[in-house]
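Let's take a walk through this structure together, one region at a time. Have the sequence and the 3D view at hand as you read.

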Amino acid sequence: VMVGRFGGEEFVVLLPGADAEVACAVADRIRTSTAALSVPARDTHGRHRQLDDLTVSVGVATTHRFGYELGDLLAAADKALLAAKAGGRNAVVLS
């Protein structure tokens with residue numbers, strides 16, 4: 001498994017050997033684990049706050065459908081991510 005930051009709030013998780021079912025299950029575990037977090041933070045005025053009700057939207061793409069070119073996989077996953085966001089967020093969408 002390899003994990004890396006892809007953008008401001010975006011991350012990529014590569015799961016070599018995982019099929020679509022396994023990849024979606026891992027993505028959903030990440031989504032539900034994040035939802036269970038309560039993160040201490042400060043607001044813009046320096047007051048302590050707890051961040052909870054966090055959500056994660058995930059786009060999943062597989063080599064079985066899109067091949068092994070990283071650019072193609074990232075484009076497919078990004079399209080699925082946008083669909084997850086458009087569908088109400090806090091979801092896993094398979095491209």
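## Starting point: Asp72

In which helix is the place of Asp72? Asp72 sits in helix H3. At 44% relative accessibility, Asp72 counts as partly exposed, where buried means under 20% relative accessible area, exposed over 50% and partly exposed in between, with a 1.4 Å probe and protein chains only. Asp72 and Leu15 are 57 residues apart in sequence, and their C-alpha atoms are 16 Å apart in space.

A word on the ground rules: this is a predicted model, in which local features need pLDDT of at least 70, side-chain atom pairs count only at pLDDT 80 or more, and totals for chains, interfaces and linings use all residues. Residues are numbered from 1 along each chain as its sequence is written, and side-chain values use heavy atoms, with hydrogens and water left out.

## Overall layout

The protein has three helices and six strands; these are DSSP runs numbered from the N terminus, with helices being H or I of at least four residues and strands E of at least two. Read from the N terminus on, the order is β-β-α-β-β-β-α-α-β.

The C-alpha trace spans about 50 × 25 × 20 Å along its principal axes. Of the 95 residues of the protein, 18% count as buried.

H3 has 17 residues, and from first C-alpha to last it reaches 24 Å, close to the 24 Å expected at 1.5 Å a residue. That expected span is 1.5 Å times one less than the number of residues.

Which residues of H3 are buried? They are Leu73, Ala76, Ala77, Ala80, Leu81 and Ala84. Seen down the axis of H3, these buried residues fall within an arc of 145°, so they line one face of the helix; the arc is that of the directions from the helix axis to the C-beta atoms. On the face of H3 turned away from the buried side are the exposed residues Lys79, Leu82 and Ala86.

Strands S3 (residues 39-42) and S4 (residues 48-51) run antiparallel and are joined by four bridges; two strands pair if DSSP finds at least two bridges between them. Arg42 has His48 in S4 as its bridge partner. Five residues lie between the strands of this hairpin, where Gly46 takes a positive phi near 85°.

Arg89 has a positive phi of about 75° although it is not a glycine. Asn90, also a residue other than glycine, has a positive phi near 55°. At 26% relative accessibility, Asn90 counts as partly exposed.

## The largest pocket

How much space lies in the largest pocket? The answer is about 1,200 Å³. Of the 38 residues that line this pocket, Phe11, Val12, Val13, Val58 and Gly59 are the closest to its centre. A pocket here is an open set of points on a 1 Å grid over the protein atoms alone where a 1.4 Å probe fits, with protein on both sides within 12 Å along at least five of seven lines, and lining residues have an atom within 4 Å of a point. Grid points are joined across faces, edges and corners, and the volume is the space filled by probe spheres set on them.

At least two lining residues come from each of S2 (11-14), H1 (20-35), S5 (58-60), H2 (63-66) and H3 (70-86). H3 gives the largest share, seven residues. By class, the lining has 24 nonpolar, eight polar and six charged residues; Ala, Val, Leu, Ile, Met, Phe, Trp, Tyr, Cys and Pro count as nonpolar, Asp, Glu, Lys and Arg as charged, and the others, Gly among them, as polar.
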